[in-house]
Amino acid sequence: MQPGPLGGVMRLWGVIAAACLLLGACTTTNTKLAANPTKPPAGARIILVEPDIELAVLTASGVQEPRADWTEQGRGNVAAEVERQMKARAHTYRMIDPNEAMGGRTGQLLRLHEAVGQSIMMFNYGYVSLPTKAASFDWTLGEGAQALGTAYEADYALFVHGRGNYASGARVATAVGLAILGVGVPVGGQQCFASLVDLKTGRVVWFNVANTGPNDDMRKPDGAAQLVQAVLKDAPL
Amino acid sequence: MRTIFRALAPLAACLALAACATVTSAPAGAMKVGAAYEVALGRDWSDISKIMNGRTDKVRLLSIDGPLLNRLYLSDGLEPGEYLIKPAAKETPTPVIRRDMSASERLEFVTDSVVALEYQRVQLVRPRPAKLGQGSGVRFDLTAQTKSGLDVKGTGVISEQGGKTYVLLYLAPAEHYFDANLAEVEAIIGSAKLG
């Protein structure tokens, strides 16, 4: 039976909707390097700050509701994958639990890194740029970062942060329904950034952001592996 | 730690990242804050006034590394009923200048304005007589914390001249960023010319 004109249009929109959902699965990365970055020499001591992950469900109305169970799963999977990838490199490393390091100067440095990371995301990856930061990728925690190096006998610190949201069943149904009417509706995604800080100078020597669709799902080991692989791609480690 | 991102979100949300919003350069040299008020910048700054919510036409907001890492508020003469930080909603009023404020009330205006920026544990320290331009005012330092617990330091001056209140306020994380630009800010305060 030949589809009527409306059926053809609906089929076309169905294809577009499916394409949109599939496109969400693509992973993109965007790396920034400090001017004259120094690659950690073989044997450099690196601390891995336990990944900071927060995952949420995207409801039909578009509200994000944090999910502690998903967050725990995602954090565990990402941490395991970061460790697995670091084992393959010629450096010594140790994972630190940020909750144990939040006191005193080290805690201030970890919090400062959060502010620096947010600033990088705003002005190097956001819609606006700062004229005072236009010349080069030049971000730092200051020489006080040596306190972190001394406390953990480390030369560099690697930070990984991830945020993700996943569409609920109702949200997916809404997305497909509205796609047929020609309205695009986000169905979730994940964003992850990683930064490498030289603990002697405090400089952020490397920074990368990976955006993935909901298919590279960090709640699953395979998805976390894809995401970590993407975000650590080109890391000078 | 896990709450830090969430805690920083309100600060990030302060940015009115509209596609049309622009950040312009505030180059080293004389900068007009108002018709009869100028300061001298010792280095280039970024003028982030237009991307920040909560600012008014009378307030210039400068930064070097972004508002989470350093911010310098420069207000032209605020008249009674005007504020340093514009309220986001009627339900969340911010401090306003009142007629005949005492010196201590003006300092309270500063600390309450910093609280309105969602900083916590705001404490004013070392208030002392000072000049802003040719007029007298009060210099102050302050300490505060972000919601995530990042220690922040501030310094500034508030001065009432000709029935108008002038505020210059610098805020930055205590770790590295405050000290990194303190000399520059001190020079800016010292360079103020009013009237």
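Predicted model: local features only at pLDDT ≥ 70, side-chain atom pairs only at ≥ 80, totals over all residues.
**The eight-stranded sheet of chain B**

Begin by selecting chain B and displaying its strands. An open sheet of 8 strands can be followed in the order β1-β4-β5-β6-β10-β9-β8-β7, with antiparallel pairing. The edges of this sheet are formed by β1 (24-26) and β7 (120-132) of chain B; each has a single partner strand, so one side of each is left without a neighbour in the sheet. On average, neighbouring strands in this sheet are turned by 25 degrees against each other, direction ignored.

Next, select residues 151-161 and 164-173 of chain B. These are strands β9 and β10, which pair in the antiparallel sense over 10 bridges. Which residue of β10(B) stands opposite B:G156? It is B:L169. As a general point, the strands of a sheet pair through backbone hydrogen bonds, either parallel or antiparallel.

Strands β3 and β11 belong to an open sheet of 3 strands in chain B, whose order is β2-β3-β11 and whose pairing is antiparallel. Here β2 (29-34) and β11 (193-194) of chain B stand at the edges; because each has a single partner strand, one side of each is left without a neighbour in the sheet. Select β3 (residues 37-41) of chain B to see its antiparallel partner β11(B), to which 2 bridges join it. B:Y37 has B:L194 in β11(B) as its bridge partner.

**The interface of chains A and B**

Display both chains together. How many residues of chain A are in contact with chain B? There are 38, and they meet 34 residues of chain B. The two chains bury about 3000 Å² between them, with 64% of it on carbon and sulfur atoms. Within chain A, select A:Q108, A:M122 and A:T132: these lose the most area to chain B, together 18% of what that side buries.

Across this interface there are 2 salt bridges and 8 residue pairs in polar contact. The elements giving two or more residues to the chain A side are β2 (45-58), α3 (104-124) and β5 (156-167) of chain A. Among these elements, α3(A) gives the most, with 13 residues. By class, the side of chain A that touches chain B has 18 nonpolar, 10 polar and 10 charged residues.

Side chains of opposite charge can pair when their charged atoms come close.

**A salt bridge within chain A**

Over all chains, the count comes to 18 salt bridges. For the last stop, select A:D155 and A:R45, which form a salt bridge with their closest N and O atoms 2.9 Å apart. This pair links distant parts of the chain, 110 residues apart: A:D155 is in the loop between α4 (146-152) and β5 of chain A, whereas A:R45 is in strand β2 of chain A.

Methods:
Residues numbered from 1 in each chain as written. Chains lettered and ligands numbered in written order. Heavy atoms only, no water. Pairing = 2+ DSSP bridges. Helix = DSSP H or I, 4+ residues; strand = E, 2+ residues; numbered from the N terminus. Axes fitted to C-alpha atoms, helices over the stretch in contact; angles between N-to-C directions. Contact = heavy atoms within 4.5 Å. Buried area = accessible area lost by both parts, 1.4 Å probe. Salt bridge = Lys/Arg side-chain N within 4 Å of Asp/Glu carboxyl O. Polar contact = N/O pair within 3.5 Å; in protein donor to acceptor, adjacent residues only side chain to side chain. Nonpolar A, V, L, I, M, F, W, Y, C, P; charged D, E, K, R; others polar.
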